Amino acid sequence: MAQAVEEWYKQMPVITRSYLTAAVVTTIGCSLDIISPYHLYLNPILVVKQYQFWRLVTNFLYFRKMDLDFLFHMFFLARYCKLLEENSFRGRTADFLYMLLFGATVLTGIVLLGGMIPYLSESFAKIIFLSNSLTFMMVYVWSKQNPFIHMSFLGLFTFTAAYLPWVLLGFSVLVGASAWVDLLGMIAGHAYYFLEDVYPRMTGRRPLKTPSFIKALFADDTVVVARPANVRFAPPPAEELHQD
């Protein structure tokens, strides 16, 4: 059993493995009182005035207390982060990291701006950890890129992957969780999907180009599709037809 888990862990792509490891270590560390969540949560005042810039990162690593909800989010993090990195972003590790950075930036910006809106500031002030929202963003992006895959929710009913974010949002509301967390993830996910997939098809321009310094961090292997020898993809020339 232990060997199977070790093999599963080693086979994870680098970004998924790194993020999952950081999230589990951080959450366990907080549960054992080795790390204080008060040093991790998003606090704009401490970031700006006391230069505690690490909070811009650590608030994405803590998934609250270790309970069923934690296991639920670890499953979605491991599954959909891995599916995206291995399939949609195969051979494009830098682009995948840039997607996560884009999502984290959008989520942070929404929370900061929302805290300035009079009637919404109280709700946004309660959002001090964005780890669940970033996980939900990955689920949303995956569902947009794989909309026709058939899925089942707890064996109760089936649906296509395009509706997965809405099914999970409804489940969160039913169990009494905050809908804001999932909605923020959907907003960030849709922003990425629109700018990366929809807008380039409409205009021919791609605004989300991965910076060269991020690409320099990774030596991605080019994905090559081998073509068998002597396979024609067009009719042979007319003279070949009359050689016999």
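These legends accompany several close-up views of a predicted model.

**View A. The largest nonpolar core.** Start with the inside of the protein, where the largest nonpolar core has 55 residues. L77, F96, M99 and M138 have the most contacts inside this core. Elements giving two or more residues to the core include helices α2 (14–31), α5 (68–88) and α8 (131–145), along with strand β1 (150–153). Helix α6 gives the largest share, 12 residues. As background, nonpolar side chains in soluble globular proteins tend to be buried together.

View B. Which residues does F96 touch, leaving aside its neighbours within four places in sequence? F96 is in contact with I15, C81, L84, E85, F89 and M138.

View C. Look for D95 in helix α6. Is D95 buried or exposed? D95 counts as buried because its relative accessible area is 11%, and buried means under 20%. The side chain of D95 forms a salt bridge with R92, with the closest N and O atoms 2.9 Å apart. R92 itself is partly exposed, at 30% relative accessibility. Leaving aside neighbours within four places in sequence, D95 is also in contact with F89, R206, T210 and K215.

**View D. R206 and E196 across a loop and a helix.** One of D95's contacts, R206, has a salt bridge of its own, with E196 (3.0 Å, N to O). R206 lies in the loop between α10 and α11 (212–215) and E196 in helix α10, so this pair ties together parts that are 10 residues apart in sequence. R206 is partly exposed, with a relative accessible area of 33%, whereas E196 is buried at 13%.

**View E. K10 and E6 along helix α1.** The model has four salt bridges in total, and here K10 and E6 meet in one of them, at 3.0 Å from N to O. Both residues lie in helix α1 (residues 2–10), four residues apart, which is about one turn of the helix. K10 is exposed at 51% relative accessibility, while E6 is partly exposed at 40%. In general, side chains of opposite charge can pair when their charged atoms come close.

View F. L32 sits in the loop between α2 and α3 (44–49) and is exposed, with a relative accessible area of 56%.

Notes
Residues are numbered from 1 along each chain as its sequence is written. This is a predicted model: local features need pLDDT of at least 70, side-chain atom pairs count only at pLDDT 80 or more; totals for chains, interfaces and linings use all residues. Side-chain values use heavy atoms; hydrogens and water are left out. A nonpolar core is a set of buried Ala, Val, Leu, Ile, Met, Phe, Trp, Tyr and Cys residues joined through side-chain atoms within 4.5 Å. Buried means under 20% relative accessible area, exposed over 50%, partly exposed in between (1.4 Å probe, protein chains only). Contact means heavy atoms within 4.5 Å.
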